[in-house]
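Me: I have a model open and would like to talk it through with you, one piece at a time.

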Amino acid sequence: MDILRCIGCGSVIQCDDPASPGYLPQSKLPEGDETVVCRRCFRLKHYNEVTPLHVTQDEYYRIISQIADDDALVVNIVDIFDLEGSLILQIGKLTNHNDMIVLANKRDLLPKSVSDAKLLHHIRKIVSDHHLKPLRIHLMSARKYQHIDDVMDSILELANGRDIYIVGATNVGKSTFINTLLKAYADSAEDVITVSQAAGTTLDMIKIPIGDQYIVDTPGILNDIQLTHHVSAATLKAITPTKEIKAKIYQLDPRQTIFLGGLARIDFVGGERTSFVCYAAPGITLHRTKLERADELFANRVGTVLVPPVADERFDLAMTPFHVPAGKHDVVLPGLGFVTVKGPIDIRVHVHPRTRPYLREALI
Ligand SMILES: Nc1nc2c(ncn2[C@@H]2O[C@H](COP(=O)(O)OP(=O)(O)OP(=O)(O)O)[C@@H](O)[C@H]2O)c(=O)[nH]1
Ligand SMILES: [Mg+2]
């Protein structure tokens, strides 16, 4: 008998261990050759109930390195909202330097006033800093169907009949992208592959035939510098924007601080009074205070004034000082958003110790 796989996450179906991927009670096994969905995917889809499971790093490498044996097109999806966090350093080597295209997903989250040209310029720089050499880079929104036709034209042209592997860090939208393609080009009425806000949704390769070639979904690699992996489900929900993020503007005097909930803080240490234009999910409470009060506030008011996080979740934040040169710059707070400021000023940026804040020329 052929191995039976879950169409939602790619796991091999098994009836022995409810805690392992692909579990389905014996009684639910299909009689004929219809597609099956494992219990975890079923629950995710119908009750939004997440059973945490992760592909280990070794397992990930084993799965992804299969691409190295194929002459294929690698479609590397990254998340515009967390570019640094969603790039995989070793991907060129793991895929034996197969031809690659980069798709920068979730364009819908950034304001329309951000120019595509500027955004592409910035993405190109980060991609090349990471020593990746894609044949092309596209912006898109898999969820909102933005630029999907252009992307598909590019992919089919560059694949030229070869298999197409969709790779990327967890949560960048790989499965959403394939579902979107299936709806747009194969008349699929609903999402076939399981998609969720939690990291580690897809657990093995899912091969979908399109004509003579395959389009293959893969599990995401868990990048430790993605904030996603360090917060509770409730916090993740609060910090994940669901639509275009809107600017919130604060005028700050030197010696003032602005908090993004209890998850980040920017101290304005020196310079002229200026505006801090914050772009983050509406679920994150912004709070301005005097620098001299900031430590005390952080020690006592996380979860009440400074939310998220809620309940007992607490993080120590790590501090990095920056001199912002003259002109408009974005202070990028990975996984949370960015704050546009005008230099020259001196600031101190406090974020989750696993993530790395950085400066870039302002996108807006
Ligand atoms: N705003 C926005 N959200 C998106 C877009 N594409 C995907 N998402 C969301 O991002 C989250 C992760 O999507 P998935 O498709 O499960 O991501 P994945 O890369 O397959 O994740 P793993 O299987 O865990 O590696 C879900 O909450 C999606 O709804 C997009 O274009 N815009
Ligand atoms: Mg997936």
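Me: To start, where does S188 lie?
Reply: S188 lies in the loop between helix 7 (174-185) and strand 5 (206-210), where helices (H or I, at least four residues) and strands (E, at least two) are DSSP runs numbered from the N terminus. This is a predicted model, in which local features need pLDDT of at least 70, side-chain atom pairs count only at pLDDT 80 or more, and totals for chains, interfaces and linings use all residues. Residues are numbered from 1 along each chain as its sequence is written, while chains are lettered from A and ligands numbered from 1 in the order in which they are written.

Me: Why does S188 count as partly exposed?
Reply: Because S188 has 16 C-beta neighbours inside 10 Å; a residue is buried with 20 or more other C-beta atoms within 10 Å of its own, exposed with 12 or fewer, and partly exposed in between, with C-beta atoms placed from the backbone.

Me: And which residues does S188 touch?
Reply: Leaving aside residues up to four places away in sequence, S188 touches L182 and K183, contact being C-beta atoms, placed from the backbone, within 7 Å.

Me: Now the sheet: what order do the six strands have?
Reply: The sheet is open, with mixed pairing and the order 3-2-1-4-6-5, and two strands pair if DSSP finds at least two bridges between them. Strand 3 (136-139) and strand 5 stand at the edges with a single partner strand each, so one side of each has no neighbour in the sheet.

Me: How many bridges join strand 1 to strand 2?
Reply: Seven bridges join strand 1 (residues 72-79) to strand 2 (residues 99-105), and the two run parallel, with L73 standing opposite D99 in strand 2.

Definitions and conventions. Two residues are in contact if their C-beta atoms, placed from the backbone, lie within 7 Å.
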